[in-house]
Amino acid sequence: MVQYHQTRFDASFAALSDATRRGVLEQLGRSDASITDLAEKFHMTLTGMKKHVSVLEQAGLVTTEKIGRVRKCRLGRSRLEEEAGWIERYRQLWDARFDELDKIVEELNQKEKTDGRNK
Amino acid sequence: MDAISERTNIERTSERELVVTRTFAAPAHIVFEAWSKPELFKRWWAPKSIGIPLLSCEMDVRTGGTYRLEFGHDASTSWVFYGKYIEVIPNARLVWTNEEAADGAVTTVTFEEKDGKTLLVVHDLYPTKDALDEAVASGSTGGFGEQFEQLDALLIALGAIPVER
């Protein structure tokens, strides 16, 4: 199971390391699109866009389906959400920690100001 | 410049690194104090919302000094995290190892003061890409019960793998 996850996360993070591919995901988040639509939107050749979509597809971030002569792309939601979920959980831990730290910092700051005035 | 977000930001900045940032409304020496005195540190490192208390906290914050943190509800089911401070520059920088796991991260915390505020950056550098992937992957499999507790303990130790005693 861990192995399976690891390979998946590897592929996902590699796929997300490219700005165009992140743009494609953002675009597909708004609406499904064909590879031709995407190539036009990102001012790329059809071949170039096919490569990007293929990387995203291998990472499970995008699914494609041939409808007639057009290849439709849509977001493969679950994996993206899983990764975002982990990051969000980790962020929440730090957020909770830092909220507590904030209180202590405030307390020390007040104490120093008071002590400073009393000297 | 209050545009600097006071929210906690987190980013995987490379294959081997995770970076957490937040700005605190106090000078660096105060924020540093809360990180380097055990009696203050233990008041915030394991916030209540996490649900796992810090049973003990020993820290000798100086270059070459060690730390030992024990989490859990009682001593028989606790997790121990330990390591060494490899660099300590008062009010500016803390670097420690996470030695409970063979491929634990090296954590660097920097305190950058600007206009009376402090930008805090927590930087976890894993020895390999696989080690960080594994920390992320194990985080994603956690669901509930004991697994959740382990995950929490895992996260508390900045993604290092817990040692069960």
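Visitor: What makes the three strands of chain A an open sheet, and in which order do they lie?

Guide: In this predicted model, the order is β1-β3-β2 in chain A, with antiparallel pairing. The edges are β1 (33-34) and β2 (62-67) of chain A, and each pairs on one side only.

Visitor: How do you know that β2(A) and β3(A) pair?

Guide: Pairing requires at least two bridges. β2(A) and β3(A), the latter at residues 70-75, have six, in the antiparallel sense. One example is K66(A), whose bridge partner in β3(A) is R71(A).

Visitor: What packs on this sheet?

Guide: Helix α2(A), residues 19-30, touches β1, β2 and β3 of chain A. Its direction makes about 90° with that of β3(A). Helix α4(A), residues 46-58, touches β2 and β3 of chain A. The direction of α4(A) makes about 120° with that of β2(A).

Visitor: Which residues meet where α2(A) and α4(A) touch, and of what class are they?

Guide: From α2(A) come T20(A), R21(A), V24(A) and L25(A). From α4(A) come H52(A), V55(A) and L56(A). By class, that gives four nonpolar, two polar and one charged residues.

Visitor: How many helices and strands does chain A have, and in what pattern?

Guide: Chain A has five helices and three strands. Along the sequence they follow α-α-β-α-α-β-β-α. Of the 119 residues in chain A, 24% are buried.

Visitor: What share of the contacts in chain A joins residues 24 or more positions apart?

Guide: Such pairs account for 50% of the contacts in chain A with a separation of 6 or more.

Visitor: What makes up the largest nonpolar core?

Guide: A nonpolar core is a set of buried nonpolar residues joined through C-beta atoms within 7 Å. The largest has 27 residues. L101(A), V105(A), V31(B), A34(B) and L132(B) have the most contacts inside this core. At least two residues each come from α5 (77-118) of chain A and from β2 (17-24), α1 (28-36), α2 (38-44), β8 (117-125) and α3 (129-141) of chain B. The largest share, seven residues, belongs to α5(A).

Visitor: Which residues does V105(A) touch?

Guide: Leaving out residues up to four places away in sequence, V105(A) touches F24(B), A26(B), I30(B), V31(B) and A34(B). Another core, of 14 residues, lies apart from the largest one. Among its members are V24(A), L28(A), L56(A) and A59(A).

Visitor: How do you know that the side chains along β8(B) alternate?

Guide: T118(B), L120(B), V122(B) and D124(B) point to one face and are buried.

Visitor: Which strands pair with β8(B), and over how many bridges?

Guide: β2(B) pairs with β8(B) over eight bridges, in the antiparallel sense. Within that pairing, V20(B) has V122(B) as its bridge partner. β7(B), residues 106-114, also runs antiparallel to β8(B), joined by nine bridges. There F111(B) has L120(B) as its bridge partner.

Visitor: What lies between the strands in the hairpin of β7(B) and β8(B)?

Guide: Two residues lie between them, and D115(B) takes a positive phi near 50°. A hairpin of two residues also joins β1(B) to β2(B). β1(B), residues 9-14, is antiparallel to β2(B) over five bridges. One bridge pair there is S14(B) with E17(B).

Visitor: Why is A92(B) called partly exposed?

Guide: A buried residue needs 20 or more C-beta neighbours within 10 Å, and an exposed one has 12 or fewer. A92(B) has 15, so it counts as partly exposed.

Visitor: Where is A92(B), and which residues does it contact?

Guide: A92(B) is in the loop between β5 (79-89) and β6 (93-97) of chain B. Setting aside neighbours within four places in sequence, A92(B) contacts A28(B), T110(B) and F111(B). The C-alpha atoms of A92(B) and L120(B) are separated by 9.6 Å, with the two residues 28 apart along the chain.

How values were computed:
Residues are numbered from 1 along each chain as its sequence is written. Chains are lettered from A and ligands numbered from 1 in the order in which they are written. This is a predicted model: local features need pLDDT of at least 70, side-chain atom pairs count only at pLDDT 80 or more; totals for chains, interfaces and linings use all residues. Helices (H or I, at least four residues) and strands (E, at least two) are DSSP runs, numbered from the N terminus. Two residues are in contact if their C-beta atoms, placed from the backbone, lie within 7 Å. Axes are lines fitted to C-alpha atoms, for helices over the stretch in contact, and angles run from 0 to 180 degrees between N-to-C directions. Ala, Val, Leu, Ile, Met, Phe, Trp, Tyr, Cys and Pro count as nonpolar, Asp, Glu, Lys and Arg as charged, and the others, Gly among them, as polar.
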